[in-house]
Amino acid sequence: MSALKPPFERVAARHRGLLYGAAFVSALLLAGCAVEVENRQAAQEVARLSKPPGSVYIGWRVFQDRCALCHGFVATGTAGAPDLLPIVREMGAHQFVSLVLKRYDWNLPAAQAGSEGTAREALVEDIVQRKEQYMLTMPAWQGEPIASAHIMDLYAYLSARAQGTQGPGRPAQ
């Protein structure tokens, strides 16, 4: 029957078939691109959620202002205070907040640091004695407004440094 059709109709039918085929292939390719975009967005979302809350840049600024004098400008310690990177690498946000805001000495057990009465008085006396001997101890920052307000930013910065996602320089804003 196609032999009976004029040549123009045979060519037009062939072109329609090619056009439909091209449209089908284009639709498949575009669908593949949409899946790629969606997968990238999901990966970016997972990466965003895996980061600790807070701003690395603001945390860096708070660290430089409040902590760098003792712990060094890149948080790797000095003669008077320890390298924070291996310490922070092993702790979560809740433990970090508790240690920085409420404890004087990171080497003390939590129960002893939060105790009342004679044990607490002994702890205070021990801290005073160490200061007299020029041995620095970590102060509790709970009453300090800037450190308290930006504690999660500070954790974000130190955590990024400890995990290796932030170098020793100034972070991007």
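Reply: The account below concerns helix H8 and the elements around it.

This is a predicted model, in which local features need pLDDT of at least 70 and side-chain atom pairs count only at pLDDT 80 or more, while totals for chains, interfaces and linings use all residues. Residues are numbered from 1 along each chain as its sequence is written, and side-chain values use heavy atoms, with hydrogens and water left out.

The protein chain contains eight helices and zero strands, where helices (H or I, at least four residues) and strands (E, at least two) are DSSP runs numbered from the N terminus. Of its 173 residues, 27% count as buried; buried means under 20% relative accessible area, exposed over 50%, and partly exposed in between, with a 1.4 Å probe and protein chains only. Residues 24 or more positions apart supply 64% of the contacts with a separation of 6 or more, a contact being heavy atoms within 4.5 Å.

Helix H8 covers residues 151–163. Gly 164 follows H8 and has a positive phi, near 85°.

H8 is mostly covered, with eleven of its 13 residues buried. Among them are Ile 151, Asp 153, Leu 154, Tyr 157, Leu 158 and Arg 161. The cover over these buried residues includes H2, helix H3 (84–89), helix H4 (93–102) and helix H7 (145–149).

The contact with H2 can be described in detail. Two packed helices are described by the angle between their axes and the distance between the axes. The axes of H2 and H8 come within 7 Å and cross at roughly 95°; axes are lines fitted to C-alpha atoms, for helices over the stretch in contact, and angles run from 0 to 180 degrees between N-to-C directions. H2 is therefore roughly perpendicular to H8, a label for angles of 65 to 115 degrees, whereas those under 35 count as roughly parallel, those over 145 as roughly antiparallel and the rest as oblique. On the H2 side the contact includes Val 56, Trp 60, Phe 63 and Cys 67, and on the H8 side it includes Asp 153, Leu 154, Tyr 157 and Leu 158. The residues of this contact divide into eleven nonpolar, two polar and one charged.

Trp 60, located in helix H2 (residues 56–71), is buried because its relative accessible area is 17%. Trp 60 and Asp 153 lie 93 residues apart in sequence but 7.9 Å apart in space, C-alpha to C-alpha. Not counting residues up to four places away in sequence, Trp 60 touches Tyr 157, Gly 169, Arg 170 and Pro 171. Phe 63, with neighbours within four places left aside, has contacts including Ala 75, Leu 84, Leu 154, Tyr 157 and Leu 158.

Ala 75 lies in the loop between H2 and H3. It is not a glycine, yet its phi is positive, about 65°. Ala 75 counts as buried because its relative accessible area is 0%.

H4 also takes part in the cover of H8. Phe 96 belongs to helix H4 and counts as buried because its relative accessibility is 1%. Phe 96 and Ile 151 are 55 residues apart in sequence and 8.8 Å apart in space, C-alpha to C-alpha. In H4 the buried residues are Phe 96, Leu 99, Val 100 and Leu 101, and their cover includes H3, H7 and H8.

In the largest nonpolar core, of 24 residues, Phe 63, Val 88, Phe 96, Leu 154 and Leu 158 touch the most other members. H2, H3, H4 and H8 are the elements that give two or more residues to this core. Such a core is a set of buried Ala, Val, Leu, Ile, Met, Phe, Trp, Tyr and Cys residues joined through side-chain atoms within 4.5 Å. For the contact classes above, those residues and Pro count as nonpolar, Asp, Glu, Lys and Arg as charged, and the others, Gly among them, as polar.

How values were computed
The expected span of a helix is 1.5 Å times one less than its number of residues.
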